[in-house]
Amino acid sequence: MTHTDAVDVLQTIYGYDAFRGQQGDIIDSVISGDDALVLMPTGGGKSLCYQIPSLVRPGVGVVVSPLIALMQDQVDALRALNLNAQFINSTLDVDSVRNIEHQLRAGQVDILYVAPERLLMPATLSLLDELDVALFAIDEAHCVSAWGHDFRPEYMGLSVLSERYPDVPRIALTATADGRTREEIAKNLDLVGAKHFVSSFDRPNIRYLVREGQGSREELWRFIKAFHPEDSGIVYCLSRKKVDDTAAWLASKGRVALPYHARLSAKEREHNQNRFLREDNIIVVATIAFGMGIDKPDVRFVAHLNLPKSVEAYYQETGRAGRDGEPANAWMAYGLQDVITLRQMMQQSGADDQHKRVESHKLDAMLSLAEMTGCRRQWILNYFDEPGSQPCGNCDNCLTPPETYEGTEIAQKAMSCVYRTGQRFGVNYLIDVLLGKNSDRIHQFGHHQLSTFGIGTDVSQADWRGVFRQLIALNYLSVDLEGHGSVKLTEQARPVLRGEKSIQFRRQLATVKTSRGKSSRSKRTPIAIADTDQPLWESLRALRKELADEQGVPAYVVFTDATLADMVQKRPGSLEEMSMVSGVGDHKLERYGAEFLTAVEEFEAEIDGA
Ligand code: ADP
Ligand code: ZN
């Protein structure tokens, strides 16, 4: 039971060269019998932190996971490594459970997945009493916190593990926990003496792209067509109707796009989720109901057609892209209507005032992120208490720094127009007044006689919308949420009106033609496959799909994208060389090595022949 054993397992079973980040330390600590609390971003490699100690320590590793629907896939992935992994949950019949109990008593099971409510049943606990348990892993540990967003009361009962099995190490893992949630996890799981391993929350492989544009599906399609013509991805929308419309629209463009929202039957949802997990190039269009625990490692993009309601939600949803560490895109389009709709939803929710205030602060933070002109990643990390990072070079603002302009005078014009029309009108009307439109309505109210009538003709209609959006997003103006959408001045507007504070605006993209041209810089999937290697990449993917279909498992259970990309890079010419590819362990080498080798050789032969 040493570090060398752990490295040996990593290399021979998983086929990986080295531990990532804190994995090695965490694994050593658990192997030596200590408790641990692990915070690692999605895709950071949490699974190995409990799987390897389960294999190195004597006995079965018991993994508590709330995600019954995904246990099958997790078990499939371990079986593909020739490990004996099992799960016990409500989907199994009595005979299967009995069979697994038998294997457990015989000491044959390496890793057992179980849902918390099942684990806490007296029968399960007394079964465990008879067994050697290597460790307890509590996955998605934030579920134990009432502050968190996925509170599961069953998780509270897990403190019994420390009383009942004081000598078995426990490792709690989560990707989402602020300081307060972390404390609650430690307290409620009785992990007070546990070592905390907190990794950086940065996801350097995810590129953040945010643009103005009210849920424009043409923009979305242009993005998908250019960057992800054959990739898996998730598109988030706010409403079920928009989900259905967008899925149908993407389907009309020739992509397999499946809807996912609460109105679909449980069966349809499960069917769509399963296709997404199993096939290679499916787009799921979903409300936020989709995604909890989606372990698919090769989601290459996450797109938002509406603004999420908090930075936490945005980060969690975009975090479902690129779990395998390969390049992925997080794309978002949002506009003025999003701001108004979200504020309205918040206002009309039944929550108490305290709660509404928190929500409203969270939305403001999200809006600042959307409107900002500096590095988005740096801002996000700072938001999650990770200050001090450098501009990332992998977000839209770093790649194409936005044009800004001195907007104080324009802001003053907009604000005084709001004021002089009595703070009773919506954005469209205000813009008409600023542009000096001779509409009946304006004449009816006598606003053609105001000093602000027609003072804004030097600014385009689109730019005015951008100005109002930014003023509302940054809280200089507020929108009456009782339905009319009338705009009012806030306290913050005063110093601007008095000329004591200046404002910078971001120029509307539509009017910055050059950056459009630039943004088409790379017309390829974000995984770095050279054009000349595309045929090989595609034939390896096709072979993977064929093998996965034969066994009825998701494609990534055979090999992940990262493994195929490494194979394209290394071009193994022998089984020996194949074993050097990342993610090709002993068992997968034996099982798939020859077939993939042939695929590589055929490709090389064609090149030679050409
Ligand atoms: P998490 O549960 O933290 O989201 P996973 O455990 O699913 O992340 O790991 C994400 C991906 O990274 C998986 O495909 C996994 O096999 C791979 N991975 C994990 N650790 C390593 C490592 N040390 N070297 C190479 N790949 C790794
Ligand atoms: Zn950046």
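Which strands and helices are included in what covers the buried residues of H14? In this predicted model, the cover includes strand E8 (206-212), strand E9 (232-236), strand E12 (299-304) and strand E13 (328-334), together with the helices H16 and H17.

**Helix H14**
- Helix H14 spans residues 311-318 and is mostly covered, since six of its eight residues are buried.
- The buried residues of H14 are Val 311, Ala 313, Tyr 314, Tyr 315, Glu 317 and Thr 318.

**Nonpolar cores**
- The largest nonpolar core has 110 residues, and those with the most contacts inside it are Trp 464, Phe 468 and Leu 471.
- Apart from this core lies another one, of 33 residues, which includes Leu 48, Val 56, Leu 78 and Phe 87.
- When residues up to four places away in sequence are not counted, Trp 464 touches Ile 410, Lys 413, Ala 414, Ile 431, Leu 434, Leu 435, Gly 456 and Val 459.

**The zinc ion (ligand 2)**
- The protein donors of the zinc ion are the SG atoms of Cys 375, Cys 392, Cys 395 and Cys 398, which lie 2.3 to 2.4 Å from the ion.
- Along the sequence, these donor residues follow the spacing C-x16-C-x2-C-x2-C.
- Cys 375 lies in the loop between helix H16 (353-371) and helix H17 (376-383), whereas Cys 398 lies in helix H18 (residues 396-399), so this pair ties together parts that are 23 residues apart in sequence.
- For comparison, the ideal angle for four tetrahedral donors at a metal is 109.5 degrees.
- Cys 375 counts as buried because its relative accessibility is 8%, and the cut-off for buried is under 20%.
- Cys 398, with a relative accessible area of 22%, is partly exposed.

**Ligand 1**
- Ligand 1 is surrounded by 15 residues, of which the closest are Tyr 16, Gly 43, Lys 46, Ser 47 and Arg 323.
- In the side chain of Lys 46, an N or O atom lies 2.8 Å from an oxygen atom of ligand 1, and for the side chain of Ser 47 the distance from such an atom to an oxygen atom of the ligand is 2.6 Å.
- Gln 23 has a polar side-chain atom that lies 3.0 Å from a nitrogen atom of ligand 1.

Definitions and conventions:
Residues are numbered from 1 along each chain as its sequence is written. Chains are lettered from A and ligands numbered from 1 in the order in which they are written. This is a predicted model: local features need pLDDT of at least 70, side-chain atom pairs count only at pLDDT 80 or more; totals for chains, interfaces and linings use all residues. Side-chain values use heavy atoms; hydrogens and water are left out. A nonpolar core is a set of buried Ala, Val, Leu, Ile, Met, Phe, Trp, Tyr and Cys residues joined through side-chain atoms within 4.5 Å. Buried means under 20% relative accessible area, exposed over 50%, partly exposed in between (1.4 Å probe, protein chains only). Contact means heavy atoms within 4.5 Å. Donors are N, O and S atoms within 2.8 Å of the metal (3.2 Å for Na, K and Ca); water is not among the atoms, so sites may look incomplete. Helices (H or I, at least four residues) and strands (E, at least two) are DSSP runs, numbered from the N terminus. A residue is near a molecule or strand if one of its heavy atoms lies within 4 Å of it. A polar contact is a pair of N or O atoms within 3.5 Å; within protein, one must be able to donate a hydrogen and the other to accept it, and residues adjacent in sequence count only if both atoms are side-chain atoms.
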